[in-house]
Amino acid sequence: MHSLVILTGAGLSAESGLATFRGPGGLWEGHRVEDVCTPEALARDPQLVHRFYDERRAGLASVEPNAAHRALARLAAEWPGKLLIVTQNVDDLQERAGIDGHGKRLLHLHGELLSALCVRCDRRQRWAEALPSGTACYCRGKLRPDIVFFGELPYGLEQVLEALKRCDLFVSIGTSGAVYPAAGFVQLASQAGARTLELNLEASAGSDWFDESRLGPATELVPAWVEEVLG
């Protein structure tokens with residue numbers, strides 16, 4: 001086994017205290033997805049959208065990486081072959097655990113809370129404070145949260161698809177299996193001949209596609225699996 005692709009979702013960070021934002025009725029902290037995570041929502045009520053992500057960004061200061069994040073950081077440091085960790089999470093806990101967010105082993109599929117995006121020049125810049133609606137970029141374009149809204153193309157998708165074609169093992173950690181295109185990664189990896197493994201608190205919507213599913217808390221499953229792989 002030489003090449004690994006790992007998909008991480010909200011379940012990886014849940015035990016650090018970050019909400020999964022996929023509650024009953026599709027509500028995110030009491031908001032409909034359509035109200036806070038679409039281009040139409042940003043155009044209709046930019047103050048609400050900016051405030052929603054400001055609150056999430058501020059919340060990062062009160063949480064820390066957990067044992068699952070640290071185990072993946074160990075894997076990233078010690079795995080001798082190819083490794084791509086594709087995260088759906090917009091938090092920075094994997095970086096804070098020790099994974100180089102600017103290296104080749106971690107890709108934020110859905111953007112990052114600690115980044116702002118210019119709607120005019122597409123420049124991305126680190127942003128750790130509140131981002132009031134109307135804040136201007138250097139080019140005088142408006143800045144928005146650097147979050148991939150529903151209906152927008154995820155970051156690095158071509159890179160991910162190429163990695164899935166060539167991997168020996170695809171592992172999904174803490175994902176619902178309900179959000180595409182990430183929900184289809186297991187099928188692509190399987191069709192390319194890779195072994196597939198799910199590590200999740202409970203069976204996901206795509207569990208039947210995996211060769212093996214291990215159910216339980218990420219802070220228990222991920223360190224045990226990493227130890228198994230590196231050992």
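Predicted model: local features only at pLDDT ≥ 70, side-chain atom pairs only at ≥ 80, totals over all residues.
## A strand covered on both faces

Let's start with strand β1, where both faces are covered: S3, V5 and L7 are buried on one side, and L4, I6 and T8 are buried on the other.

## The neighbours of β1

Two strands pair with β1. With β4 (residues 82-87), β1 pairs in the parallel sense over 6 bridges.

## The whole sheet

Moving on from β9, 5 bridges join this strand to β10 (residues 195-200), and the two run parallel. A handy pair to look for is F170, which stands opposite T196 in β10.

Put together, 6 strands make up an open sheet with parallel pairing, in the order β5-β4-β1-β9-β10-β11. The edges belong to β5 (106-108) and β11 (212-215); each has a single partner strand, so one side of each is left without a neighbour in the sheet. On average, neighbouring strands of this sheet are turned by 15 degrees against each other, direction ignored.

## Helices across the strands

Helix α7 (residues 157-166) lies across β1, β4, β5 and β9, and runs at about 135 degrees to β4. Helix α9 lies across β1, β9, β10 and β11, running at about 145 degrees to β10.

## Where α5 meets α9

α9 (residues 218-230) also has a helix partner, α5 (residues 67-78): their axes come within 7 Å and cross at roughly 20 degrees. Angles under 35 degrees count as roughly parallel, and α5 and α9 are therefore roughly parallel to each other. The crossing of α5 past α9 is left-handed.

Which residues of α5 meet α9? They are A67, A68, A71, L72, R74, L75 and E78. On the α9 side, the residues they meet are A218, T219, V222, P223, W225, V226, E227, V229 and L230. By class, this contact has 12 nonpolar, 1 polar and 3 charged residues.

How values were computed. Residues numbered from 1 in each chain as written. Heavy atoms only, no water. Axes fitted to C-alpha atoms, helices over the stretch in contact; angles between N-to-C directions. Helix = DSSP H or I, 4+ residues; strand = E, 2+ residues; numbered from the N terminus. Parallel < 35°, antiparallel > 145°, perpendicular 65-115°, else oblique. Left-handed = near helix turned anticlockwise from the far one by under 90°. Contact = heavy atoms within 4.5 Å. Nonpolar A, V, L, I, M, F, W, Y, C, P; charged D, E, K, R; others polar. Buried < 20%, exposed > 50% of the residue type's maximum accessible area, 1.4 Å probe, protein only. Pairing = 2+ DSSP bridges.
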